[in-house]
Every structure is written in C-alpha cells, then in structure tokens.
Amino acid sequence: MRKPTLLYLLCISCTLPVMGKSNIHNCTGNIYTIESNCRYINSDSIATTYNGVVVDSNNNPIDFVNIALLNPKDSSFVAGAMTDLNGVFAIPCNIKNAIIKASRLGYNTVYKTYAAGNVGSIMLKESVTSLQGVTVKGQRKIFSMNDGGLIAQVKGTVLGEAGTANDVITKIPSVYADNGKYNVYGKGEALIFVNGKRLIDYEELSRLSSKDISSIVLDNNPGAGYDATVKAVIHIKTVKKVGDGLSGNVSAMYQQAHYASTTDGVNINWRKGGLDIFGSLFYSFTQTYQKQSDTKETWKNGDTWNMQNEIKILGKNTASISPKLGINYSFNDKHTVGISYSLTHSPNNKINIIQSQDVKQNGQPLQTILYDDDTRRKNKPTHLNNIYYRGKIGRWDIAFDNDIIASHTKSIQNIKQESEKSGKQNVNSTNNEDNTMVASKLVVSHPIGRGKMDVGGEFIYTDRQQKYVNEQNIIASTDDHIEESKYAGFISYSTPLGKAQIRAGMRYEHTVSDYYEKDVWVAGQSRSYDKLFPNASISFPIGKSNINVGYTMKTRRPSYRELSSNMQYDDAFTYESGNPLLRPEMIHDITMSASYRWIYMNVSFQHVTDAITNTVEMLDEADTPINVMSTTNRSSLNKYSATLSLTPRIGIWSPRLAMSLMGQNLKIPYRGGTKKLNNPLLFASLHNTVSLPDNYLLSADVITHTYGNNNIVMMKPSWQINIGLVKNIKLWTIQLQGMDIFRTAHNSFIIYGTSLRYNKWNYSDSQAVKLTISYRFNPTNSKYKGTGAGNDEKSRLSL
C-alpha cells in the first residue's frame with residue numbers, strides 16, 4: 001500500500017478540517033463530499049459509497065451534519081461529508097468497513113461501525129447543556145453558496161430576529177417584493193416552498209415567524225424536476241422541533257396607513273408519535289389607498305390629444321378567512337402519508353376609483369370627464385386539496401403528490417361617466433371566471449455510482465371558463481373556454497467530479513390546449529406543443545471561493561388572463577385586452593454565481609425567442625384616439641442582470657448591501673419611427689441591523705432604484721427608508737415597524753406605445769406603522785412533507 005502525501009484543507013463554509021490527498025470538500029447542499037483517496041485502498045478493492053440519511057428522534061431529517069469515516073483499526077480520519085438540506089449524505093470511498101462519526105451543534109455525537117453501502121438512517125438525539133454563570137455569544141455566517149443556489153442561514157443569525165418570513169425574504173440578495181409576490185432580478189417571479197410544500201397563499205409568510213425558520217435557499221437555476229416555466233425557486237426550511245402534545249402560535253397584526261388593516265390568526269398542531277393533526281384559521285380586514293396623477297399624450301390623424309387625470313383608488317376587503325386542516329402520519333422512517341385541505345374566502349372585495357380627466361385636442365380644452373368606477377369581486381371559496389406519499393424501498397426514494405384546485409370569481413364593474421359635452425353615460429359589465437385544476441407528480445430517486453439520479457413525471461389538467469358581458473355593448477361580450485392538458489417527464493443526475501459538483505437534466509413536455517368560443521372549438525387559437533428543456537450546471541471551489549455556472553432552457557407561457565379575448569374599459573380613451581394568439585416564449589439562460597466569505601455575486605444573460613412583451617396600439621375603427629393595452633410576441637429579446645451582495649459583521653452592527661443591475665435590448669415602433677428602451681435599471685438596498693441589550697433588535701433599511709427600462713416602461717427613481725424594533729420576551733415577540741417614513745416611495749413611470757406616451761405618478765399608501773404581536777406555545781412543527789403538483793399552473797390561474 002502506497003503511503004499518501006498529507007494535505008490539510010479548511011472548508012470555508014463549515015470550518016471542518018480535512019486530511020488526505022487530492023481532497024474534495026465541496027459543500028454543495030445536495031451532496032457534500034470529501035474524498036481523500038481512502039488511505040486504505042488495496043489493489044483488489046472495489047469502489048463503493050457510504051450513503052444514508054441523518055434524522056432526529058422524531059425521524060425528521062437534519063441538515064448540515066458533519067459525517068466522518070474513521071478507520072476501525074486506529075480511528076484515523078478516512079473521508080467525510082456533510083448532509084444536505086434533506087439530511088442525506090454520500091461519501092465515495094474504497095474501504096469495506098468504517099466507523100461513522102455524525103456530529104452537529106445541539107445534538108449528541110454518534111459513533112457507529114457500518115459496512116460500505118447504504119447505511120440507512122442514523123439518529124441523533126438533541127443535547128441539553130446547562131452553563132452556570134457563562135454567556136456564550138457568536139454569529140453564524142449568513143450567506144453561502146452551493147450548487148443548489150444561495151443559502152441564507154436564518155436560525156442563529158440576525159435574520160432569525162427579523163420578525164416574519166416576509167421580513168427575511170426581502171433581505172435575500174436579488175429578491176424583491178412586487179404586489180404581494182416575490183421576484184428575482186433577471187428571472188421574474190419565484191415559486192416559494194415551505195418544507196417542500198408549494199405556497200399558494202402568500203399571506204402565510206406573514207404568519208410564519210422568522211424564529212421558526214432554519215434556512216432559505218434561493219435557486220436561480222431550477223432543474224428538470226420543475227416546470228419549464230419556473231426560473232427561480234425559494235425554499236424555506238423551518239426549524240425542526242421535538243415533543244408530543246399540543247403546540248402552536250397565535251398572532252395579531254395591526255397596520256395604520258391611510259386606513260387601518262388587521263390580520264389575526266392561530267396555528268395549531270397536535271402530535272403523538274408518528275401522527276400529526278394540524279390546522280390554522282386566519283382572518284384579515286384590509287383597506288388600501290392610492291393617489292395618482294397621469295398625463296396621456298396621443299396622436300391620431302394629425303391631431304395631438306392630451307388627457308390629464310387625477311385619480312383616487314380606494315380598496316376595501318370587507319373580510320377574508322383562510323382555514324386549513326391536515327393530517328400526517330409516519331409509519332416509520334421509510335413511509336409517510338398525508339392529506340391537507342385549505343380554503344380561502346374573500347366574499348366581497350371592493351375597489352372604488354374616482355377620476356377627473358381634462359381633455360385637450362391640439363392644445364385647446366375640449367371637455368372634462370368625471371368617472372366613478374365601482375368594482376366588486378364576489379368570490380366563492382377557493383379550495384385546495386393535497387395528498388402525498390413519501391417512501392423508501394431499498395435504495396429507491398419515492399415522492400408522490402396530487403393536487404385539486406377549484407375556484408370561482410364574479411366581478412361586477414359599474415362606471416358612471418359624466419361630462420358637459422358627452423353628457424351622462426354608464427358602463428356596466430360582469431365577468432365570471434371558473435377554474436378547475438387536477439395535477440399529479442411522481443418522482444423516484446436512486447444513487448448511481450457516486451451520484452444520485454431523479455426520474456419523474458407530471459400530469460396537469462386545467463379547465464378555465466370566462467364570460468364577459470357589457471350591458472351597453474360599448475365593448476363586445478365574450479364567452480371563452482380553455483381546456484389544457486400537459487404531460488411531462490424528466491430525468492436529472494448530480495455527481496461529484498474531482499473537486500467539482502455536476503448537475504444535469506432533461507425535461508420533456510407535451511401540451512395540448514383547446515380554445516372554445518361560445519362552446520365552438522377555434523382551431524386558430526388551439527395549440528399543441530412538444531418541447532425538450534435541458535439544463536446543466538457545475539460548481540467548483542477556487543481557493544476560498546465557490547463558483548457555480550449553469551445553463552437552463554425555460555419557457556414562459558401566457559397566463560389565462562393574457563389569453564382572454566375580453567376587453568376591459570378603463571376610461572373613454574384607454575382599454576385593456578388579452579390576446580388569444582399569444583405563443584409561449586423560449587428562454588436560454590446562462591447564469592454564473594460566486595461567493596467569497598461575505599461577498600456574493602450573480603451574473604445572468606438571457607436570449608428570449610417569441611418574447612412576450614406589453615404593447616399599446618391605437619384602435620383604428622374608433623373616431624377618438626382609443627389606445628388598447630395588451631401583450632404580443634416579438635421575434636427575440638436579450639436581457640441581462642448582475643447582483644452584488646456584501647454582508648460583513650461589524651460588532652453589534654450587521655449591514656447588508658445589495659446592488660442589482662437589470663438591462664434589456666428592446667426597440668419598439670413609436671410615432672412612425674422606432675424607440676430604443678435599453679436604459680439599465682439599478683436597484684440598491686442597505687439593510688442595517690443592530691443587536692441591542694435585553695433582546696432588542698433595531699433595524700433601518702434604505703431601498704432605492706434609478707431611472708431605467710423594463711419592458712415598454714421607463715421606471716422613474718424611487719427610494720424609501722424603513723425602520724423597525726423587535727423585542728423578544730420568552731415565547732412572546734413584539735415587532736414595531738415604520739415603513740416609508742418620509743413618504744418617498746412612488747410607483748411612477750412612463751409607458752410608450754405606438755401612438756402614446758403615458759406619464760404616471762403614483763403613491764400606493766406605502767407610509768405605514770405596523771404592530772405585530774405573536775405568542776408561541778410548546779413549539780412543535782408539523783412533519784407534513786407534501787410538495788404539491790402543477791405548481792406553475794396554479795400561478796397561471798392567478799389564484
């Protein structure tokens with residue numbers, strides 16, 4: 001046996017010392033591997049892998065556990081790894097028997113001898129240590145990176161004291177909130193999963209305490225297991241709690257902006273052995289206020305028209321109730337089943353838009369039009385059922401999910417319009433939407449060689465019916481019906497290669513979409529698609545930095561509302577319309593990420609074919625200049641983005657500076673010529689957290705963006721300052737926040753159309769004071785493991 005040369009390395013993510021030759025310590029989040037050429041290899045040894053899963057006393061997987069293979073003869077180090085986010089580890093090594101040492105802060109270390117191969121489950125028991133008269137202070141590294149994306153450690157960092165999940169997510173580099181959802185710069189809307197379960201009701205984030213979050217992973221290159229439309233995923237993993245009995249939390253939030261809003265609710269979980277019965281009930285009352293001034297300059301038949309508008313928008317959600325009930329049962333560490341049912345009911349949402357419009361033609365005053373727009377949405381409950389199974393048979397892991405969604409929305413719009421020239425006019429319309437979706441997803445996993453292979457399939461059926469009726473026939477009535485079936489199959493494989501980690505996959509999707517108008521099948525608007533979507537990435541260390549480079553092919557399918565043929569009346573000169581002829585766009589994405597200590601960088605380039613973009617076109621058959629806002633396909637579009645994040649720790653001060661640049665290459669027709677919309681947008685945020693005595697946490701955030709183009713819009717600069725104070729008293733958390741304290745955040749922009757320049761200034765009630773009080777008792781988390789199926793289709797339904 002050859003005596004190896006010894007080489008010492010130190011992992012920058014977990015500070016685990018490594019000894020051996022040709023070491024790999026690739027802290028990747030899927031499989032963390034250290035290979036040391038197994039100092040005990042002989043010529044007739046057979047290559048194998050020690051693999052298994054680490055769980056706690058309740059059979060919940062434990063992430064970031066240090067796994068070391070020790071020589072049973074002298075307990076010397078042979079090789080090692082760290083468990084991934086699902087508690088799984090795999091260590092390639094040519095030694096037939098080894099002592100496995102499993103250790104993690106907060107658990108008792110385990111030593112046990114195993115033969116090479118699948119060692120099954122290793123259980124760690126929680127440790128309790130009492131220190132008399134000793135105070136231990138420390139700060140974990142907040143952000144790190146692996147081949148699965150950017151990891152934000154929440155528990156044990158200042159992020160864990162931020163307040164709610166909403167407060168944490170907005171502090172993740174390149175993530176920003178937009179109309180209640182979360183987008184990633186350069187990628188678009190991100191899907192959010194909590195413990196593997198797709199989040200449908202984003203209000204749940206305001207109910208999840210940051211204290212109950214272990215980590216958050218931002219994946220900028222989702223693999224073949226996700227729908228081809230998914231370009232970014234946020235995984236939230238909660239802290240695994242122990243103990244049987246009744247547990248839960250109660251919370252109350254009061255917000256005072258222009259009007260008052262409140263949200264109150266309770267989460268309950270009862271556990272006995274492998275059985276969990278859980279439920280929640282939340283009630284909210286929301287009121288909103290917007291003030292807007294805009295100018296529309298448009299041209300038709302040689303005339304110049306100007307419309308100056310002053311608008312107030314008042315929104316009232318008289319009641320919203322969200323109950324949820326579920327059951328989860330773990331037969332053992334290999335088989336778990338569960339079922340959950342949730343309901344969201346907002347019976348009577350109201351929006352009142354009051355508008356005054358001064359109209360000029362060629363600089364001469366023409367008329368003043370007054371609008372009183374009253375819109376009510378009478379929603380029936382939205383139902384969501386999920387059934388899941390998680391199992392392990394031999395070396396096969398099995399995951400099955402089935403979802404059923406049903407919803408109905410009825411919108412009634414009554415517009416009273418009056419002017420001295422045109423007199424009085426009413427525009428009354430009704431829009432009914434019925435949605436049904438059934439989705440099933442099956443994924444099986446198996447270790448192959450030094451890596452792991454995932455194979456799966458997904459089926460989604462969607463039925464959407466929409467009827468629009470305008471009593472005065474100002475806008476044509478429509479009766480649309482879309483039935484869509486999608487079949488998908490995928491395969492992916494990840495494996496270590498030298499010091500690198502490679503991940504690759506392929507997804508095939510077959511989609512059939514049938515479009516009916518008044519129950520008659522329309523061939524020109526019915527489609528069938530067959531497409532392959534490849535992806536590949538490689539992660540590798542360079543010194544103390546980690547690098548990830550990946551390519552994905554994705555698509556964006558138009559939402560059902562974008563495909564609708566009905567037209568919405570905004571005012572006498574502006575309509576909004578869908579486009580049933582829209583085609584899906586195809587996106588070729590190359591992304592590179594790098595991290596070094598507290599520095600993170602991400603660069604992305606996208607080439608988009610059949611790009612779906614907004615458009616504003618003149619309605620030719622009208623005598624007056626009526627502009628129709630819609631969407632269209634353009635032959636191609638290039639986009640790019642770059643993010644830089646700095647997260648140092650300076651004593652009690654934890655600053656986090658993030659800057660993101662977004663750009664595009666877009667040219668549109670404008671006033672008989674063309675207009676380039678290529679000015680990049682720069683977003684910047686500085687989050688400051690100061691840890692004070694007596695469990696106080698002070699925060700102050702500055703958020704801003706510059707001029708720049710996004711689609712056909714020129715965004716105007718905006719900035720705001722938010723401050724907050726959190727006080728923890730045992731199981732109580734009290735959070736006081738002041739948002740946009742100087743009232744400087746504005747949603748202002750300029751829209752360019754073929755014959756339109758629309759200049760808008762908008763204030764959306766961002767200045768507010770919010771008080772949140774929550775109490776947790778006997779904290780125990782549900783072990784529900786369902787991830788959901790048809791996740792992207794749920795977004796297309798705009799539920």
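Predicted model: local features only at pLDDT ≥ 70, side-chain atom pairs only at ≥ 80, totals over all residues.
Reader: Why is Asp219 called buried?

Author: Buried means under 20% relative accessible area, exposed means over 50%, and partly exposed lies in between (1.4 Å probe, protein chains only). Asp219 has a relative accessible area of 6%, and is therefore buried. Asp219 belongs to strand 18, where strands (E, at least two residues) and helices (H or I, at least four) are DSSP runs numbered from the N terminus.

Reader: What makes the approach of Asn221 to Asp219 a polar contact?

Author: A polar contact is a pair of N or O atoms within 3.5 Å; within protein, one must be able to donate a hydrogen and the other to accept it, and residues adjacent in sequence count only if both atoms are side-chain atoms. The backbone nitrogen of Asn221 lies 2.9 Å from a polar atom of the Asp219 side chain. Asp219 also has its C-alpha atom 6.4 Å from that of Ile234, although these two residues are 15 places apart along the chain.

Reader: What makes a set of residues a nonpolar core, and which members of the largest one touch the most others?

Author: The set must consist of buried Ala, Val, Leu, Ile, Met, Phe, Trp, Tyr and Cys residues joined through side-chain atoms within 4.5 Å. The largest such core has 30 residues, of which Ile169, Ile192, Ile216, Ile234 and Ile236 touch the most other members. Among the elements that give two or more residues to this core are helix 1 (165-169), strand 12 (149-153), strand 18 (213-219) and strand 19 (233-238). Another core, of 25 residues, lies apart from it and includes Leu637, Leu666, Phe683 and Tyr752. In soluble globular proteins, nonpolar side chains tend to be buried together.

Reader: Which residues does Ile216 touch?

Author: Contact means heavy atoms within 4.5 Å, and, not counting residues up to four places away in sequence, those touched by Ile216 include Leu150, Ala152, Val168, Ile169, Ile234 and Ile236.

Reader: How do you know that strand 12 and strand 18 pair?

Author: Two strands pair if DSSP finds at least two bridges between them, and strand 12 and strand 18 have four, in the antiparallel sense. Ala152 stands opposite Ile216 in strand 18. Both strands belong to an open sheet of six, in the order 11-12-18-19-16-17, with mixed pairing. Strand 11 and strand 17 (197-198) are called its edge strands, as each pairs on one side only.

Reader: What makes strand 13 and strand 15 edge strands?

Author: Three strands form an open antiparallel sheet in the order 13-14-15. Strand 13 (175-178) and strand 15 (188-189) each have a single partner strand, so one side of each is left without a neighbour in the sheet. Strand 14 and strand 15 are joined by two bridges, and Asn183 stands opposite Glu189 in strand 15.

Reader: Why is the pair of Phe193 and Tyr226 called edge-to-face?

Author: Rings of Phe, Tyr and Trp (its six-membered ring) pair if their centres lie within 6.5 Å; planes under 30 degrees apart count as stacked, over 60 as edge-to-face and the rest as tilted. The centres of Phe193 and Tyr226 are 6.1 Å apart and their planes stand at 70°, so the pair is edge-to-face. Trp299 and Tyr670 also form an edge-to-face pair, with 6.1 Å between centres and 85° between planes. Trp299 lies in strand 22 (residues 275-300) and Tyr670 in strand 42 (residues 667-670), so this pair ties together parts that are 371 residues apart in sequence.

Reader: How do you know that the charge of Arg671 sits over the ring of Trp299?

Author: A charge sits over a ring if NZ of Lys or CZ of Arg is within 6 Å of the ring centre and within 35 degrees of the ring normal. The charged end of Arg671 is placed over the Trp299 ring, 3.8 Å from its centre, and that of Lys675 over the ring of Tyr752, 4.6 Å from its centre.

How values were computed. Residues numbered from 1 in each chain as written. Heavy atoms only, no water.
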